[in-house]
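Please consult the sequence and the structure shown here while reading.

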Amino acid sequence: MKQPVVIFGSEGGFHVVANNINGLLQILTFDSEPMVDWDSLYYYKDPDDYEPSAKIESYRSWLKNTRSLETITNANALVELAQKYHQKEFKDWMAKFYQD
């Protein structure tokens with residue numbers, strides 16, 4: 001599984017989010033929605049206002065037991081790693097379809 005995973009924001013912006021599907025599955029363990037705009041993609045959880053999703057612990061357990069993937073505490077680190085390897089190539093490819 002070597003294909004990167006991308007995201008398209010509803011208000012604009014398109015970015016690489018993960019190196020592959022396993023990376024995306026791990027990002028989901030962070031239990032936060034992505035913030036997407038034209039310039040960036042990031043994940044944020046307000047520690048004073050965070051309420052875990054109803055089934056997050058079941059998901060984390062399932063992921064560890066079925067794919068041997070650990071829960072992460074920093075989704076942005078995985079995003080940055082994926083973008084380091086794929087973002088420029090993705091943006092170059094997208095340029096064929098999108099003009100600023």
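**Packing of helix 1 against helix 3**

The model is a predicted one. Two packed helices are described by the angle between their axes and the distance between the axes. Helix 1 spans residues 21–28 and helix 3 spans residues 75–94; the two pack at an angle of about 160 degrees, and their axes lie 9 Å apart. Because angles over 145 degrees count as roughly antiparallel, helix 1 is roughly antiparallel to helix 3. The crossing of helix 1 past helix 3 is left-handed. On the side of helix 1, the contact is made by Gly23, Gln26 and Ile27, and on the side of helix 3 by Ala75, Leu78 and Val79. Sorted by class, this contact of helix 1 with helix 3 comprises four nonpolar residues and two polar ones, with no charged residues.

**Salt bridges**

How many salt bridges does the structure hold? There are three, and they are listed in the table with the separation of nitrogen and oxygen.

| Salt bridge | N to O distance |
|---|---|
| Glu57 and Arg60 | 2.8 Å |
| Glu70 and Lys64 | 2.4 Å |
| Asp92 and Lys88 | 2.8 Å |

The pair Glu57 and Arg60 belongs to helix 2, which covers residues 56–67. These two residues are three positions apart in helix 2, so about one helical turn separates Glu57 from Arg60. Arg60, at 15% relative accessibility, falls under the 20% limit and so counts as buried.

In the salt bridge of Glu70 with Lys64, Glu70 is partly exposed at 42% relative accessibility. Lys64 is likewise partly exposed, with a relative accessible area of 42%.

The remaining pair, Asp92 and Lys88, lies in helix 3, where the two residues are four apart, or about one turn of the helix. Asp92 is partly exposed, its relative accessibility being 44%. Lys88 has a relative accessible area of 61%, which means that Lys88 is exposed.

Note on methods. Residues numbered from 1 in each chain as written. Predicted model: local features only at pLDDT ≥ 70, side-chain atom pairs only at ≥ 80, totals over all residues. Heavy atoms only, no water. Axes fitted to C-alpha atoms, helices over the stretch in contact; angles between N-to-C directions. Parallel < 35°, antiparallel > 145°, perpendicular 65-115°, else oblique. Left-handed = near helix turned anticlockwise from the far one by under 90°. Contact = heavy atoms within 4.5 Å. Nonpolar A, V, L, I, M, F, W, Y, C, P; charged D, E, K, R; others polar. Salt bridge = Lys/Arg side-chain N within 4 Å of Asp/Glu carboxyl O. Buried < 20%, exposed > 50% of the residue type's maximum accessible area, 1.4 Å probe, protein only.
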